Amino acid sequence: MIRGFSWWLALALASQAQAWELTLPTENRAIFSGDPSDFYMYTDRNFEGVKSQPWTAGQYGFVRDQKRTAEGIILTKFHEGLDIKPVKRDGQGIPLDLVHPISAGTVVHVASQASQSSYGKYVVIRHDWPEGPFYSLYAHLMDTRVSVGAKADSETVVGRLGYTGEGIDRVRAHLHVELNLLLSDRFEKWHAPRFQTPNHHGVYNGLNLVGIDLARLYKERQADSSLTLATFLTREKVHHKIRVPAKGKFPLIARYPFLLKQAAPSQPTAWEIHFNQSGIPLAVYPSTVPTANPVVTWVVPSKTYHAYYTRGRLTGSGSSAALSSSGLSYLSLVTGQF
Ligand SMILES: [Zn+2]
């Protein structure tokens, strides 16, 4: 009897470790309603002298900085998170919404000095999911109410929605929330020679965190609560492929084994990495092609500059592309070759 029970308990605990919940971080639930302008905070746009306040710019993706190009008007600035509107304010217009983790996890970073980042006051929570560690980030907080190392779940109050950080005021107060992969656990070594300014955030600097499409994840997990991150990411469109020489370890694959789509020899010649437009590594394949330096092997053809579609990481146009210096620098963070 006892044995039977402990077997059942072990099985129940194992399946619990696999299952994870995804909830909204504030009381604003309008992402699932008919009017997305109730969910997303607008930005103040001025394009060719025409002022507007598009809610669309609060979404995840290439939603900001319009440019007129050979392919029409395109949006070139990438927004890595969702800007969620407050639903409660006091008489002075101060937002009152409390912020909760989007899933259970461990608090790994609390940035309580608003001036040390464009995120203002922010908190990062690690989620140990079957595909590896994912990191949710809550920015522009009025205050932070958790400490590093604490366990947190959907009941925990991370802080209060606010307007700390760059380019934001009381009227546009919102929660900026991201869900990320972590690129490198040696981030500080990468950062030091490349920036004059100090890094106050260790590996939890925004440059080291790659945001995935959290809005799409909410919607697809609502339709299928067993959807895995690996499957979710295979639905992202490959925008370019880069082949890099294989040197030593590839720590990103060790952290996210699902990225490796084909068994690799113990010392492959090269890797081919598939990226989406915003730079999320989607897939890695071992390659037998000798490669001295990173090379773009394929790109979605474009009539205008690839730079507009890739946050400036690729140069060229048409079906030819090369890595810009920022593209090379970013790639080194992805591969760990720095
Ligand atoms: Zn934002």
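**A guided reading of the model**

Visitor: In which part of the chain is Arg235 found?
Guide: The model is a predicted one. Helix H4 covers 229–234 and strand S15 covers 240–245. Arg235 is found in the loop between H4 and S15.

Visitor: Is Arg235 buried, partly exposed or exposed?
Guide: A residue counts as buried under 20% relative accessible area and as exposed over 50%. Arg235 has a relative accessible area of 47%, so Arg235 is partly exposed.

Visitor: With which residue does the side chain of Arg235 make a polar contact?
Guide: Leaving aside neighbours within four places in sequence, Arg235 is in contact with Arg216, Glu220 and Leu227. For Glu220, the two side chains make a polar contact at 2.7 Å. The residue asked for is Glu220.

Visitor: Which residues of helix H3 are buried?
Guide: Helix H3 spans residues 214–223. The buried residues of H3 pack against strand S5 (82–84), S13 and H4. They are Leu214, Ala215, Arg216, Leu217, Tyr218 and Arg221.

Visitor: How far apart are the C-alpha centres of domain 1 and domain 2?
Guide: The protein chain is divided into domain 1 (1–234) and domain 2 (236–335). Between their C-alpha centres, the distance is 25 Å.

Visitor: How many residues does the contact take from domain 2?
Guide: The two domains are domain 1 (1–234) and domain 2 (236–335). The contact takes 35 residues from domain 1, and from domain 2 the number is 23.

Visitor: Which element gives the most to the lining of the largest pocket?
Guide: The largest pocket holds about 1,400 Å³ of space. Its lining has 49 residues, and those nearest the centre are Lys77, Phe78, Ser118, Tyr119 and Glu166. Elements giving two or more residues to this lining include strand S4 (72–79), helix H2 (187–191) and helix H7 (325–335). The one that gives the most, with four residues, is H7.

Visitor: How many residues of the lining of the largest pocket are polar?
Guide: This lining draws at least three residues from each of domain 1 and domain 2. By class, the lining of the largest pocket has 14 nonpolar and twelve charged residues, while the number of polar residues is 23.

Visitor: How many of the residues of H7 are buried?
Guide: H7 has eleven residues and is mostly covered. Among the buried residues are Gly327, Tyr330 and Leu333. Gly336, which follows H7, has a positive phi near 80°. The number of buried residues in H7 is eight.

Visitor: Which element gives the most to the lining of the largest cavity?
Guide: The structure holds one cavity of 30 Å³ or more, and the volume of the largest cavity is about 90 Å³. Of the 13 residues lining the largest cavity, His240, Ile242, Arg313, Leu323 and Tyr330 are the closest to its centre. S15 and H7 are the elements that give two or more residues to this lining. With three residues, the element that gives the most is H7.

Visitor: How many charged residues does the lining of the largest cavity have?
Guide: The lining of the largest cavity has 13 residues. Six of these are nonpolar and six are polar, and the number of charged residues is one.

Terms used. Residues are numbered from 1 along each chain as its sequence is written. This is a predicted model: local features need pLDDT of at least 70, side-chain atom pairs count only at pLDDT 80 or more; totals for chains, interfaces and linings use all residues. Side-chain values use heavy atoms; hydrogens and water are left out. Buried means under 20% relative accessible area, exposed over 50%, partly exposed in between (1.4 Å probe, protein chains only). Contact means heavy atoms within 4.5 Å. A polar contact is a pair of N or O atoms within 3.5 Å; within protein, one must be able to donate a hydrogen and the other to accept it, and residues adjacent in sequence count only if both atoms are side-chain atoms. On a 1 Å grid over the protein atoms alone, a cavity is a set of points where a 1.4 Å probe fits but cannot get out, and a pocket is an open set with protein on both sides within 12 Å along at least five of seven lines; lining residues have an atom within 4 Å of a point. Grid points are joined across faces, edges and corners, and a volume is the space filled by probe spheres set on the points. Ala, Val, Leu, Ile, Met, Phe, Trp, Tyr, Cys and Pro count as nonpolar, Asp, Glu, Lys and Arg as charged, and the others, Gly among them, as polar. Domain bounds come from an automatic or database domain assignment.
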